[in-house]
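Good morning, and thank you for coming. I would ask you to look at the model on the screen while I speak, and to follow each part as I name it.

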Amino acid sequence: MDRRQALTQIIGISGAAAGSVLLANPVLAATATEEGWTLAVGDRLAYTKLDPYAVALAAYKAGNGCMYQVFHGLISSLAQSDSPDAAKFAQIPTAMAHYGYAGILGEGSVCGNVNATGMLFNLLSINGNPANGYLTRVLRYYEQETLPLRDDAFLDAIGANTDELKAKVGQPSVAGSVLCHSSITNWARLNGKTAADKGERCSELSASIAYQIVVILNKAMDGEDLTGIGDMTDSVGSCKTCHSKSDSFGPSVMSNMECDTCHGGH
């Protein structure tokens, strides 16, 4: 199946079905290929190396909220890649990721960039192995790095290297958490802005995370050492020596996220 055929199937309802009482199921139409493949729990599709700048641009241009930007940016790029599963990537209904905007339908909880990364990695294989193990590096990068990216090469690639857009973003900030509200509050406080001003900043943040996902997965494909990219902080490592999911020294904790942001040290 070529990409044109795959995209035709995504549309879902054929002319023959129009006007009939049997309506096409849009979910099935979006996930079933001509060969009969349907996305099922546990399926893994083969990642192939991508251009991080091109994916960042795809995410930036996608709009419709952070989770959709990242998920659609990566999936649509893989659908046009040389992956042996490109036709299957083309069947994935990326619109289902829209719910994650602004921390899940505006609730300010888990950031859509993080949510999208988890959804994506749960589908991918890297050289035949599940991509799940790389998730923590993206999440730690999101927590620890000063974002969105501000270098000229990145801004030129996504078409955001203008004085007007730079003024909307202001200074990049550190989220210190995987929560949307923490990320936005820290940025707003630093720049004397409000959450209502977040539009351009969050669009560029999603492009930044899409870029970094590709950087990490490309390195993983090449078997490179990822030490130094999204490592666990010393403070979290110290907490986990006592507070782990298998330790009864109270309370037992199952997490890799930054502890001190919410709990403080002791």
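Which residues in α6 meet which residues in α11? N113, T117, L120 and F121 in α6 meet L205, S206, I209, I213 and L217 in α11, where contact means heavy atoms within 4.5 Å.

Before I go further, a word on the source. This is a predicted model, in which local features need pLDDT of at least 70 and side-chain atom pairs count only at pLDDT 80 or more, while totals for chains, interfaces and linings use all residues. Residues are numbered from 1 along each chain as its sequence is written, and side-chain values use heavy atoms, with hydrogens and water left out.

Let me give the overall picture. The protein chain has twelve helices and five strands; these are DSSP runs numbered from the N terminus, helices being H or I with at least four residues and strands being E with at least two. Of its 266 residues, 43% count as buried. Buried means under 20% relative accessible area, exposed means over 50%, and partly exposed lies in between, with a 1.4 Å probe and protein chains only. Among contacts between residues at least 6 apart in sequence, 67% join residues at least 24 apart.

I return to the first pair of helices. Two packed helices are described by the angle between their axes and the distance between the axes. Helix α6, residues 112-121, and helix α11, residues 199-221, pack at an angle of about 35°, with their axes 10 Å apart. Axes here are lines fitted to C-alpha atoms, for helices over the stretch in contact, and angles run from 0 to 180 degrees between N-to-C directions. The crossing of α6 and α11 is right-handed: a crossing has that name if the near helix is turned clockwise from the far one by less than a right angle, and is left-handed if anticlockwise. The residues of this contact divide into six nonpolar, three polar and no charged. In this scheme Ala, Val, Leu, Ile, Met, Phe, Trp, Tyr, Cys and Pro count as nonpolar, Asp, Glu, Lys and Arg as charged, and the others, Gly among them, as polar.

Helix α6 also packs against helix α4, residues 66-79; their axes come within 7 Å and cross at roughly 35°. This crossing, too, is right-handed. On the α4 side the contact involves C66, M67, V70, F71, L74 and I75, and on the α6 side G112, N113, N115, A116, M119 and L120. By class, the contact of α4 with α6 has nine nonpolar, three polar and no charged residues.

Now consider α11 itself. Because 20 of its 23 residues are buried, α11 is largely enclosed by the rest of the structure. At 1.5 Å a residue, its 23 residues should span 33 Å, and its end C-alpha atoms are 33 Å apart, which agrees; the expected span is 1.5 Å times one less than the number of residues. After α11 comes G223, whose phi is positive, near 70°.

S206 is found in α11, and at 0% relative accessibility S206 counts as buried. Leaving aside neighbours within four places in sequence, S206 is in contact with A59, C66, Q69, V70 and N113.

How many aromatic pairs does a search of the whole structure find? The search finds two. Rings of Phe, Tyr and Trp (its six-membered ring) pair if their centres lie within 6.5 Å; planes under 30 degrees apart count as stacked, over 60 as edge-to-face and the rest as tilted. Y53 and Y211 form a tilted pair, 5.2 Å centre to centre with 50° between the planes. Y53 lies in helix α3, residues 52-62, and Y211 in α11, so the pair ties together parts that are 158 residues apart in sequence. Y53 counts as partly exposed, at 30% relative accessibility, whereas Y211, at 17%, counts as buried. F154 and Y211 form an edge-to-face pair, 5.9 Å centre to centre with 85° between the planes. Since F154 lies in helix α8, residues 152-158, this pair ties together parts 57 residues apart in sequence. F154 counts as buried, at 0% relative accessibility.
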